[in-house]
Each structure stands twice: as C-alpha cells, then as structure tokens.
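Me: Can you walk me through this one? I'd like to start with the metal site and then go over the rest.

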Amino acid sequence: MANPKRKLSRSKRDSRRAQWISKLKNPNFSSCPNCGETKLPHRACPKCGYYKGQKLFEAEE
Ligand SMILES: [Zn+2]
C-alpha cells in the first residue's frame, strides 16, 4: 500500500485547512474597477459591462 513518505506537520496541515475554510466563507469575488460592483473574476461586470477596460456590452438597468 502506498504510504506518504513524511507525515505532514501540524502547522502545515492546519494552515492548508485555514485557507480552505476562508475560501468556503468568501469565495472568489473581485470588484469591478469601473463601478466598484462585486463581480466574478475573469467575467465582465454584470452591472456596467466592462472587462479589462473595454466595454463589452451595454448594461441593463
Ligand atoms: Zn462594473
């Protein structure tokens, strides 16, 4: 049976879990540089339609 060569130290294990928990609590959201609205990363802002400084579509009100 495959076994890990070295046991992960308590601090290593715990710091990994801490990252995971913070990701669960606040999943990745970035704010739009144009209007400041929270948006998904690598997606155009749903409010103003801007992505990477370019207007991709007209925003719906
Ligand atoms: Zn925006």
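Predicted model: local features only at pLDDT ≥ 70, side-chain atom pairs only at ≥ 80, totals over all residues.

**Zinc site and surroundings**

Me: What holds the zinc ion?

Reply: Four protein donors: the SG atoms of Cys 32, Cys 35, Cys 45 and Cys 48. They lie 2.2 to 2.3 Å from the zinc ion.

Me: Tetrahedral or irregular?

Reply: The arrangement is tetrahedral, because the four donor atoms subtend angles of 105 to 119° around the zinc ion. The cut-off asks for all angles between 85 and 135 degrees.

Me: And the ideal value for four tetrahedral donors?

Reply: The ideal angle is 109.5 degrees.

Me: How are the donor residues spaced in sequence?

Reply: The pattern is C-x2-C-x9-C-x2-C.

Me: Cys 48, buried or exposed?

Reply: Cys 48 counts as buried, at 11% relative accessibility. Cys 35 is partly exposed, with 38%. The buried class stops at under 20%.

Me: How many disulfides?

Reply: Zero disulfides are counted.

Me: OK, confidence. What does the chain average in pLDDT?

Reply: The average is 81, and 90% of the residues score at least 70.

Me: Which elements have the lowest and the highest mean pLDDT?

Reply: Strand 4, residues 54-55, has the lowest at 76. Strand 2, residues 38-39, has the highest at 86.

Me: Switching to charges. How many salt bridges does the structure hold?

Reply: The structure holds two. In one of them, the side chains of Arg 13 and Asp 14 meet at 3.0 Å, N to O. Arg 13 is partly exposed at 29% relative accessible area, and Asp 14 is partly exposed at 38%.

Me: Which side chains meet at 3.6 Å?

Reply: Lys 47 and Glu 37 form that salt bridge, with the 3.6 Å taken N to O. Lys 47 lies in the loop between strand 2 and strand 3 (50-51), and Glu 37 in the loop between strand 1 (30-31) and strand 2, so the pair ties together parts that are 10 residues apart in sequence.

Me: How accessible are those two?

Reply: Lys 47 is partly exposed, with a relative accessible area of 45%. Glu 37 also counts as partly exposed, at 31%.

Me: Where is Asn 34 found?

Reply: Asn 34 sits in the loop between strand 1 and strand 2. Its relative accessible area is 45%, so Asn 34 is partly exposed.

Me: What does Asn 34 touch, leaving out residues up to four places away in sequence?

Reply: Asn 34 touches Cys 48 and Tyr 50, and Cys 48 is one of the zinc donors. There is also a C-alpha to C-alpha distance of 7.8 Å between Asn 34 and Gly 53, which are 19 residues apart in sequence.

Me: Last one, Tyr 51. Where does Tyr 51 lie?

Reply: Tyr 51 lies in strand 3 and counts as partly exposed, at 23% relative accessibility.

Notes: Residues numbered from 1 in each chain as written. Heavy atoms only, no water. Donors = N, O, S within 2.8 Å, 3.2 Å for Na, K, Ca; no water. Tetrahedral: all angles 85-135°; square planar, octahedral: opposite > 155°, others 65-115°. Buried < 20%, exposed > 50% of the residue type's maximum accessible area, 1.4 Å probe, protein only. Disulfide = S-S within 2.5 Å. pLDDT = per-residue confidence, 0-100. Helix = DSSP H or I, 4+ residues; strand = E, 2+ residues; numbered from the N terminus. Salt bridge = Lys/Arg side-chain N within 4 Å of Asp/Glu carboxyl O. Contact = heavy atoms within 4.5 Å.
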